[in-house]
Amino acid sequence: MMKIIKKLNIILLFCSLIFFTACQNTAPEQDIINNSNYMQLDYAEQFSVLYHSDGCAEISITDGNCYLLVPEGVEIPEHDANQIILQQPLENIYLAASSAMDLFVSLDSLETIALTSTKDWSIPSVQNALDSGRLQYAGKYSTPDYELLLSENSKLAIESTMIYHSPDVKEQIQQLGIPVFVERSSYESHPLGRMEWIKLYGLLLGKSEQAENFFAEKEKLFQEITNSVAEDSNQEKKTVAFFYISPNGYVNIRKPNDYISNMIELAGGEYIFTEENLDLEKNNLSTMNIQTEAFYEIAKNADIFIYNSLIDNELQSIDELLEKSSILADCKAVQNGNVWCAGQNLFQQSTNAFEMIADFYAVLHEDNNTNQIYFMHKLN
């Protein structure tokens, strides 16, 4: 696995050169060709960072956005007009990308966030800050309270790619003099790639060493799980379907090679949906809708069902699942009572990739510590 990762990292470095060229990089030529000046990334593929000798850093995102991070007290250097300037310290942040919140909490930097677009949090410290008024709700990403952003003197707005559905909002925030950073951690296919974004946020917050140490500890725990999976390699893999049923009757599933489906594979399971049995939609989304009948044909013999409560409410019983779709009654997982529900904390607590994989491992090996599962519960 590590050999593959190293090869991917070499490819990423090569791709980074392309990104920087697209951004019309103004760094000295020697900075571009010296790989030691790039942030070391082993899993993340959606961003790259080039360090400058003056303390600045160029951040390139795979969607073409480019940022120049300038340290506090450093004069903004000559730069390309397409580069978005991020001047440290970055304070009073408006965070509209909920998956990034856990990264801030893990860096002990919740105080840098003043505004959020989410009202309900599974992270206790965040919910407590919101309930106490220290953290304020500033409206959905598509309808933010612009006056509040101004009155709080926000230095940065962090958005998910959903902001591209409301380009006028992004433009309006920028017109207020607030730079908009669009992050893509949820597009990482490897779960540790998603978590490796903590290195980027550590850079933005001036906590790079803390971020590196945090990630190294989590990676060590991840290796423990992969070692356990390797020891079980002679056992037959259980198949898993991860899904929810939309109000209009479609079944929404994670695509193969999404970070959730990859977690299942890394935990020693086999994700039931593959490129071979799906007519994959050609877009960058990590999920897709399929007809209930198509879901049934593919997943009827899956060993385990895991219901996704991110959009829907959490289920407590198999009967609640069958109320949504009675056709699932004779599926193998339902007949065997092997149906689980993933809580919303599965998606908000992005730094717990190891713990999430450990939960999937416990579900796949139900005789081992299922009472210690945190992100899922079994339906009765």
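Here are some friendly questions and answers about this predicted model.

Q: Is L103 buried or exposed?
A: Look for L103 in helix 3 (residues 101–106). Being buried takes a relative accessible area under 20%. The relative accessibility of L103 is 0%, so L103 is buried.

Q: What is the separation between the C-alpha atoms of L103 and M195?
A: Along the chain, L103 and M195 are 92 residues apart. Even so, L103 touches M195, and its other contacts include W197 and Y201. The C-alpha atoms of L103 and M195 are separated by 7.8 Å.

Q: How many of the residues of strand 3 (residues 66–70) are buried?
A: From strand 3, C66, L68 and V70 point one way, and these residues are buried. Y67 and L69 point the other way and are buried too. The count of buried residues in strand 3 is therefore five of five.

Q: Which residue in strand 3 stands opposite A57?
A: Strand 2 (residues 57–61) and strand 3 pair in the antiparallel sense over four bridges. They form a hairpin with four residues between them. Opposite A57 stands L69.

Q: Which residue in strand 4 stands opposite V70?
A: Strand 3 is joined by four bridges to strand 4 (residues 84–87), and the two run parallel. In this pairing, the residue opposite V70 is Q87.

Conventions. Residues are numbered from 1 along each chain as its sequence is written. This is a predicted model: local features need pLDDT of at least 70, side-chain atom pairs count only at pLDDT 80 or more; totals for chains, interfaces and linings use all residues. Side-chain values use heavy atoms; hydrogens and water are left out. Buried means under 20% relative accessible area, exposed over 50%, partly exposed in between (1.4 Å probe, protein chains only). Contact means heavy atoms within 4.5 Å. Two strands pair if DSSP finds at least two bridges between them. Lists of a residue's contacts leave out its neighbours within four places in sequence.
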